[in-house]
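Subject: Structure handover

Hello,

The structure is below, with the sequence. My notes follow it.

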Amino acid sequence: MSAIALGDSKKALIPFSIYMILGGAILYNSQWAGDSVWMQFFAGGVLGLTMAHFVVDAHAWRLSMPVQREFVLKRLT
C-alpha cells in the first residue's frame, strides 16, 4: 500500500523496512513481558485491528472491479 500511496515501489521500500524493523523489535521484546495483562491487551488490540483492516479493505479496494484494478496498476508502474 505504501507503493501505491507514494506512486513508486522503490520509494516504498524505506517505510516498509522501517515498519518491519519496528514490528520485529516489538514482537521480540514482547517475549520478556510474560503474562502481562497490558501485553495481552495490546496483542488482542493489534489482532482486532488487523482483522478489521482486512474486512474494510476487501470492500474498499475490490480489485475485481476494472476501475480499482486500473488505479492500482497505474500507480505501481
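A helix here is a DSSP run of H or I with at least four residues, numbered from the N terminus. On that basis Trp61 lies in helix α3, residues 37-61. Please keep in mind that this is a predicted model.

Overall picture. The protein chain has four helices and zero strands. Along the sequence the pattern reads α-α-α-α. Of its 77 residues, 6% count as buried. The chain exposes about 6,600 Å². Carbon and sulfur atoms supply 73% of that area.

Helix α3. Its 25 residues should span 36 Å at 1.5 Å a residue. The end C-alpha atoms of α3 are 36 Å apart, so the two values agree. The expected span uses one less than the number of residues. Arg62 follows α3 and has a positive phi, near 35 degrees.

Trp61. Is Trp61 buried or partly exposed? Its relative accessible area is 21%, so Trp61 counts as partly exposed; the cut-off for buried is under 20%. The C-alpha atoms of Trp61 and Val72 are separated by 9.1 Å. Along the chain these two residues are 11 residues apart.

Helix α2 and the surface. Phe16 sits in helix α2, residues 13-30. Phe16 has a relative accessible area of 47%, so this residue is partly exposed; exposed would need over 50%. Together with Leu13 and Met20, Phe16 makes a nonpolar surface patch of about 330 Å².

Best regards

Key: Residues numbered from 1 in each chain as written. Predicted model: local features only at pLDDT ≥ 70, side-chain atom pairs only at ≥ 80, totals over all residues. Heavy atoms only, no water. Helix = DSSP H or I, 4+ residues; strand = E, 2+ residues; numbered from the N terminus. Buried < 20%, exposed > 50% of the residue type's maximum accessible area, 1.4 Å probe, protein only. Patch = residues over 30% accessible without salt bridge, like charges linked within 9 Å, V, L, I, M, F, W, Y side chains within 5 Å. Areas by Shrake-Rupley, 256 points an atom, 1.4 Å probe, with all protein chains shown as cover. Salt bridge = Lys/Arg side-chain N within 4 Å of Asp/Glu carboxyl O.
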